[in-house]
Amino acid sequence: MDKKLKIGLIGLGTVGQGVLKVLSKHDDIEVVAAAVKNINKKRDVSVKNLTSDAFELANDPDIDVIVEVAGGTSVFDVLKTAILNKKHVVTANKELLAKCGSELFDLARKNKVVILYEAAVAGGIPIIFPIKSSLKANEFTAVAGILNGTTNYILTKMDEDNISYEECLLKAQQLGYAETDPTGDVEGFDAMYKIAVLSNIVFNKRIDVNKIYREGITNITSLDMKLADEFGYKIKLIALAKLMQDFQGKSALDIRVHPMLVSKKRALSDVKNATNAVMLKGFPVDEVMFVGPGAGEFPTASSVVGDILAIKAEIHRGDDILPMSVCHHNEFANQIDVEHTVNCYYLRIIASNTPGTIGKIGLACGKYNINLSCILQKGVNDDGSATIIVITEECLEKDINLMIKSIEEDSKIKVLNRIRVM
Ligand code: HSE
């Protein structure tokens, strides 16, 4: 019989417990120790050795693989130590990979170990390994997705139940989707880390997470939802990365996270609740979309345990296992500033109901070379003001900003929301 694969588990929260439960069906894999913040906390699962010092695991010669599901960047030194001690790493930690992945991947390559991270992006959806293997023949031009389940749940509820962002956030917290401090999800940080990790492997370039443009969902109102629906769109938090073959004479990447009006004709518009989706566009495959559970105990454990089993299947080969999983690129991408991106825009404007207001908006659009796709006012509001909706054709972000600044010079015109359109 093969030697058992020995695991050191860092983190015994929801995902860690899921990993233990799934691994209990695998006699050939043993979790020899787990590192947790509080060893006295009551848990549904038990591990032979519990410690509050994760370095014990990283330095334990009996352990083959460190499985890290604790999250955050404070585990960086522990994982570094584990890699220097020739341990393979399985992690679900998108924040760590987005911020410090370069150093860890270089170190792993030098030490002939692998870092697998299927669970770091879109939880239970297999996306990392398919990009590195089955889709390897492709030159990708774009990746876009719904990578955060909490925000997708909130936006779905706002749309379907016509209730406010605050009420939906509360529901998401009661159901355990959103955390007590929801900033990481609702302000788009979680999706930003995930698109950084995805872009890295889709475009074979290192990504500077600090250069990714990020906007959360806290400014979206149920009125925006209703209006978007009337115009044939759903509002989603979209994480995207696009290749620009020729940006000022060089190739560049446009990477960002922000809400978008997504046409109901697009499959992404129909991805509801906590479900995630990733759409890839490239040659020769054209367009493919992966949909599934983006978080949760068992979906995430599915990806973590899949990675552990991949290592188990190859570890007897010694050095250079899973060669397709090794990160071989180290050139940083040329990431463009959001000002240079091209988008269609939805604007919700409030103005006094006076002659010439729509004319002023139209003239400002003309001045900045912005073609209108639609401009609409439906009567007047109870307080006598007018809500005017504008949807533009594609234009430069820089120009829409100048146009907004120019119309707001009139104190009776205010752009209450500006949302990009897909
Ligand atoms: N909090 C994330 C989400 C899951 O809501 O999708 C973990 O990344």
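Strands are DSSP runs of E with at least two residues, helices are runs of H or I with at least four, and both are numbered from the N terminus. Two strands pair if DSSP finds at least two bridges between them.

**Entry 1: ground rules.** I am working with a predicted model, where local features need pLDDT of at least 70, side-chain atom pairs count only at pLDDT 80 or more, and totals for chains, interfaces and linings use all residues. Residues are numbered from 1 along each chain as its sequence is written, and side-chain values use heavy atoms, with hydrogens and water left out.

**Entry 2: the parallel sheet.** I looked up the strand order and found an open sheet of six strands, β3-β2-β1-β4-β5-β6, with parallel pairing. Its edge strands are β3 (49-51) and β6 (115-116), each pairing on one side only. Inside this sheet I checked β1 (residues 5-10) and β4 (residues 65-68), which run parallel and are joined by four bridges. Leu-9 stands opposite Val-67 in β4.

**Entry 3: a hairpin.** Next I went to β11 (residues 275-283) and β12 (residues 286-293), which pair in the antiparallel sense over eight bridges. They form a hairpin with two residues between them. Here I found Leu-280 opposite Val-288 in β12.

**Entry 4: the ligand.** Which residues are around the ligand? Taking a heavy atom within 4 Å as the cut-off, I get Lys-94, Asn-148, Gly-149, Thr-150, Asp-185, Asp-190, Lys-194 and Ala-295. Helices α6 (149-161) and α9 (189-202) each supply at least two residues of this shell. By class I count one nonpolar, three polar and four charged residues, with Gly classed as polar and Asp and Lys as charged.

I then looked at polar contacts (N or O atom pairs within 3.5 Å). An oxygen atom of the ligand is 2.7 Å from a polar backbone atom of Gly-149. For Asp-190, an N or O atom of the side chain is 2.9 Å from a ligand oxygen, and for Asn-148 a polar side-chain atom lies 3.4 Å from one. Taken alone the ligand exposes 260 Å², of which the protein buries 81% (Shrake-Rupley, 1.4 Å probe).

**Entry 5: Ser-325.** Is Ser-325 buried or exposed? Ser-325 counts as buried because its relative accessibility is 6%; buried means under 20%, exposed over 50% and partly exposed in between, with a 1.4 Å probe and protein chains only. Ser-325 lies in the loop between α11 (297-314) and β13 (342-352). Not counting residues up to four places away in sequence, Ser-325 touches Leu-116, Phe-129 and Lys-132, where contact means heavy atoms within 4.5 Å.

Definitions and conventions: Polar contact = N/O pair within 3.5 Å; in protein donor to acceptor, adjacent residues only side chain to side chain.
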